[in-house]
Amino acid sequence: MKFTKSLAITALGLGTALAATATTATVANAKACGKAGELTIVSWGGAYTKSQVEAYHKPFLKDCAGAKIKSQDYSGGIAEIKAQVEGKKVSWDIVDVELSDAIRACDEGLLETIDHAKLPKGDNGAVATDDFLKGTLYDCAVANIVWSTIFAYDTTKIKGDVPKTMADFFDLKKWPGKRGMRKGAKVNLEFALMADGVAAKDVYKALETKAGLDRAFKKLDTIKSSVVWWTAGAQPPQLLADGEVLMTTAYNGRIFNAVAGEGKPFAIVWDGQIWDLDLWVIPKGGPNKDLAMDFLKYSTGTKPLAAQASYISYGPARKSSSSLVGKYHNKDIDMGPQMPTAPNNLKNAVQSNFSFWADNADQLKERFNAWLAKG
Amino acid sequence: MSDAAATSQSTPRDALLVASDGVPLKVKLAKTTAAARRRAFLLTLPLVLFVLISFVFPIGEMLVRSFHNPVGGNVVPAFAESIAKWDGKGLPSEEVFEVFVKDLARARKVRDVGKTVGNLATRVNYEIPGSRSLITKSARKVGKIKNPPYKDALLAIDKRWSNPHVWLVLQRATTDYTLSFYLAALDRRYDKTNNIVQADELYRIYIPILLKTLWLSALITFLCFMLAYPVAYLLSTLPLRTSNLLMILVLLPFWTSLLVRTTAWIAMLQTQGVLNDVFVSLRLIGNEDRIQLIYNQTGTIIAMVHILLPFMILPLYSVMKTIPPSYMRAARSMGASQTYAFIRIYFPQTLPGIAAGTLLVFILAIGYYITPALVGGNDGLLISNLIADHIKSTLNWSLGAALGSILLVIVLMLYWLYNRLVGIDNLKFG
Amino acid sequence: MEAPSIHVAFQNVQKSYDGEILVVKDLNLDVEKGEFLTMLGPSGSGKTTCLMMLAGFEPATHGEIFLNGQPINNQPPNKRGIGMVFQNYALFPHMSVNENLAFPLQVRGMKREEVTERVDRALGMVELGGFGGRRPAQLSGGQQQRVALARALVFDPQLVLMDEPLGALDKQLREQMQYEIKNIHESLGVTVVYVTHDQSEALTMSNRIAVFNDGVIQQLSSPDDLYERPQNSFVAQFIGENNKLSGMVTEVNGDSCTVKMGTGEVITAAAINVAGAGQPTTLSLRPERVEIAPDEGALPNALQGQVKDLIYHGDHIRAVLQVADTSEFVVKVPNNVGHKVLSKGENVTVGWQIEDCRALDHMDV
C-alpha cells in the first residue's frame, strides 16, 4: 500500500503554475500495444466518457493496430467488479472508479496490481512516480483525473448579491429556495461542517468525533426541508435548468459542460469544494489483461491526460500534463482556470478522505438514511 | 361429485382388477400412460431447470449468506481456531496474540478473492465502524514483528488493540455462522459484553423503514383498489369494442419502460411541472406556493399507484367479466335496491379478484425500489432501496440477504394469512 | 269492475337501443290476471326486450307500461314486486340454496322464523326439501332450475316473468319441467309472462301466445288457434310444419278464393289474408291435412305430384313430393293398416279440403 493519507495541496498547483517546457513527443509514434483484442472499457458515461473517447480511445486505436474498444457505461460502485471476479467471468477489462472503491477493491483482492515502474515517463522526462501528483498512484490503481464536488447556481435567477461561500449555500434567509444535494452522507457532511465554520483542514478531524458528526447533521437539519436529493451526476444541471432548485451541489465537469456545451447560464462557487480522484483499475483475471495494461499506460501519458482536459474540466493527474492544458475543444475558453486544481479554486478546498470514508461509510449511510427517513 | 365418489368406493379395494391377459389393471394403465407422462415431464424440464438455476438456487444462496459468513476462517484460519477457545474476559492470552500476528502477516500476502485482509477488515468494520483501517494498517506493519511479546508489539502499532471489544468482535467475525446480520437488519447489535441491545437511536433505520414500507404498501394497495374497482367494473360492462380500447389505455403503462413512466411523472409533478402550472394558471394556488408533489412520500405514492394500477385492474376485470348482469338483475327483481344488491350480491363475487389484486399489488409494492429511488426524495425510501443499496453499493451482501429474508418471511406470512382468510384456491389473477 | 282483470298492459310501447333501429315497434298487449302468456319468436324479434322493459331493466323509449292499472315506467325494478326466472337461473353462487331463497324475504325485512318457514315451504313445492344447505354449483341443472323457480315465487309475487328458463336443459328434463311449471301456475294462480323461442313449449304451456317477429306481434291467440288458424305466412311458417305454395289470386268469393299456380293449376282456398284479385298469395297447408291418392272427386282440390323422397319415422312416413312449383311439399302418411305404399319417383295425386288451405299474404322464399 503506497499512499499518503493527505496530499500536499501545493503539489497540485497545476494549471498555470508549472512551466515545464514540453519536450517533443517520444512516445507518440511508438507502437502503443503488444497484442490485439477487444477491450471493454467501463466508465461513467455522458460527457465524461466522451472526453475519454476523444482523448484516450481514438489516439490509442490509431497507434494500436488490431485493437478494438467497446465502451460501456456504469454508475459506480464495485458490485459488478466483485461479481465478475468472484464468478470468474470477467468481461470488464478496465474500469474508471472512485478512490475509495479502488482501495477497497484492491484490499479485497479484486484487482490486478500495477507496477508503477512500468508507467511511461512524462513528456518532460520525469519518471512516472515523480510525474504523477502525490497520492494518485496506488497498488492497483492509477489516477487519471482530479474532479470536484462544488455548488452552482443559475445566474439568471440570482443576480446582484450572489452566493460566494459554502455558508451561503446553507443560508435560506438570504437566498430562499430549494437546494439540490447528492443523496448520501459523503460530501454533504463535509459541506455542512465547512458551512458551519470549520476550517477545511479540520473537517475530517471533526468528523472523527461524535460531536463533529452531530454538528454536521445539525447543520444539515437547517436546510433539510428545502433539499431536493439527486443520485446521478446528470441530474443537478437538469434540476437547475428546470428551476427545480435555486442552487445545487454538482460535479464541476457537469456544470462546466452545461455552460460551455449548452450555453446554460450557470456559475460555479469553488469555495468549500471537495476534490477527489478517478482512477483506472483492471479487474483480476480478465482475458485482455496485457492489452488493458497497455491502454492504461497509454491513456495516463502526458498528452492524453492533457487532451482530456480540453473536453471536460477535470484536472490531469500528471504534473507534466498541466502545461499542455489549453482551450475547450471548440470554444475560446481557457481550461486552466476551470480545473478543480487551479490555485484560485483551491483557496478553501478539501480532499475527500477515502480512509475516513472506507471506515465510516456504512455506518454513516445508516445514520444518514435514518435522518432522511424522519421526514 | 358425490356420485362418482360413491361408485369408486363400491369396488372393494382388495379385489385386484386384472386386464383380460391377467396383468393387473393398474400396471397396465401405468404402462400405457408412462410414455405420455415421460413426455410431459421432458417438456417441463427446461422450465424446471430454469427455475432451479435462476430462482431456487439464488434464493437459497441468499438465505445462506444471511447467516453464513466464513470470511474469518478463510482469511486467518489459525487465529479463528485459537480465539474460539477464548473465554471473552479481558484480553486474549499472549499465544492468541502470537497466532494473530503471524496469521495476519501471512494473510497480508494473499491476494485471492475472499481471502484477503481487506475482507476481514470489511467484516469487522460492520460491527465496529472505523476498525477497517485498524486492521489494514496493522496488517501492513505486523510483518515487522519478529519477537515476543506479541501483545505489546501489536498494542504499539495501534492502542485500539487493547480494547476487549475489538477481540470480542474478532471472535465473532471468525466463526462461520453468525446472527449479526439479522440483528443489524432488526436495528439491534451485540454490545461490548456480547448482549443483544437496540442500536443507537440515530442509527435505527431498518425497522422504521420496514414499518413505513408496510404502511405505504397498504395505503398504495387501498388507493389502487379504490381507483381500480370502478374502472374494472366499467370495462367489464362496456361493449367489447369500447372495453378493448379502454383496456389498451389501461395496459399502456405496461408497454412503456418503467423508467420512461417514472420520468414522465417527474415532468408532470415537479414544482415547475405540468400539474403545478395548471394549478397556478387556474389560480388554485399562487405561483409562490407551488405544491411539492414529487421527491417526497406523496410522489412515491402517486407514481406507485399509477404503476401498480393495472395489476389491480386486470384481476378485478377478469373476475367481473365472468359475473353476468343477471345476478344484479335477479337481486333487483327480488326487491333489493341498487346499493343493497351491490353489497350483498356483486361485491362478494368479486372477492377472489380483490384478493388477487390486493395481494399482487401489496407484494409488488413492498418490493419496489426503482420508483421510490427516483421520486422518493427525503421520506419516500422503502426497504427495497436499502436492500438494493447493500447489494449494489455498500456490498454488505449478508445484511442485504438478511433484510431480503425478512421481507420474504413477511410475504410468506401474508400469503399464509390470505390462505386462512380467503383461500389460495380462490385467488384469481386473470 | 272490468279493468282489474287486466294485470299488465303495454300501450304503444317502442324501444330502440341505438336511436336508429326500433327493436319493439308500437306494442300493445294486455295480460290478464292469472293468465299464462308466452312471448314466442325467433331471436332478435323483440320478445326478451319486452320482458326486460316489464321487469324494469330497460326503459321504454316511448309508450307506457301499466301494472294493475298503474304506470310503472318510472318505477325501479325492486319496487315492482315481480318475480323473475332467468335464462341461466342467476342463482347467487356464493350463497347456499337457503340463502338464495331467503334473499328476497330478507330484503323485505321479514322475521327470521317466517323466512325459514317460507323457504322450507318453497323448497318443498319444488321437491327439493333437504337441499337447502348446498351451493348452487353442487346441484344438477334441473335442480338449479327448480331453485330458481322457488326463489322467484317465495315472496308471493302476483306476476312472474320467465326468460327462456328451460333453454339449458335436455329434452326429457325440459318436458318434465314444462309440466311442473304449468302445475305450479295453476295451483298458485299467478300471472306468468313466459319468453321462449321453442314453439312446442309455447303450445303446451300457454293460455295465450304472442308471436313476435321484427318487433311486432304477428298474432296473439290461443295455442290451437295459432296452429290451426295462422293469420299470416310468418306465423304459419313459424308454428309447426307447413307447406307453402305460391300463386296468383284470380277471384275472391266471400270466404274462399281461386288461386292460379305458377305451373298453371287452379286451386280453391280459404281467403284469410289476401289483397284481392290479381295479387300474389302464399298458400299454407299443414302436411297432416293432405291426403294421398284421394278418391276422384272426393276432395275439392287435387294436384299431381311426384315422390322425391321417403323418410321413415315409425308412426308415420314423411313423403317429400314435387307439387306445382315446390319440390319440398311434405305429406305425412300415417303408418296404419292398409296405408298407401309409395315408392320413389312414383306419380301420385294429392288432395285437400278448401278450409285446410289458407291463402295468406305473399311471402318470398
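Guide: Start with the hairpin of β12(C) and β13(C): 4 residues lie between its strands, and Gly264(C) takes a positive phi near 105°. Bear in mind that this is a predicted model, where local features need pLDDT of at least 70, side-chain atom pairs count only at pLDDT 80 or more, and totals for chains, interfaces and linings use all residues. Residues are numbered from 1 along each chain as its sequence is written, chains are lettered from A and ligands numbered from 1 in the order in which they are written, and side-chain values use heavy atoms, with hydrogens and water left out.

Visitor: How do you know that β12(C) and β13(C) pair?

Guide: Two strands pair if DSSP finds at least two bridges between them. β12(C) and β13(C) have 5, in the antiparallel sense, so they pass. In that pairing, Thr258(C) stands opposite Thr268(C). A strand here is a DSSP run (E, at least two residues), a helix another (H or I, at least four), numbered from the N terminus.

Visitor: What makes β13 and β20 of chain C a pair?

Guide: They are joined by 2 bridges and run parallel. The rule asks for at least two, so they qualify. Ala270(C) stands opposite Arg358(C) there.

Visitor: And what do β11(C) and β12(C) form?

Guide: A hairpin, with 2 residues between the strands and Gly254(C) in the turn at a positive phi of about 60°. The two pair in the antiparallel sense over 6 bridges, and Val252(C) faces Cys257(C).

Visitor: Which strands make up the barrel?

Guide: The closed barrel has 5 strands, β11-β12-β13-β20-β14 in chain C, with mixed pairing.

Visitor: How do you know that α17(B) bends?

Guide: The bend at a residue is the angle between axes fitted to the seven residues ending there and the seven starting there. At Leu351(B) this comes to about 45°, and Pro352(B) follows within four residues.

Visitor: What is Leu54(C) in contact with?

Guide: Contact means heavy atoms within 4.5 Å. Leaving aside neighbours within four places in sequence, the partners of Leu54(C) include Val8(C), Phe10(C), Ile65(C) and Leu161(C).
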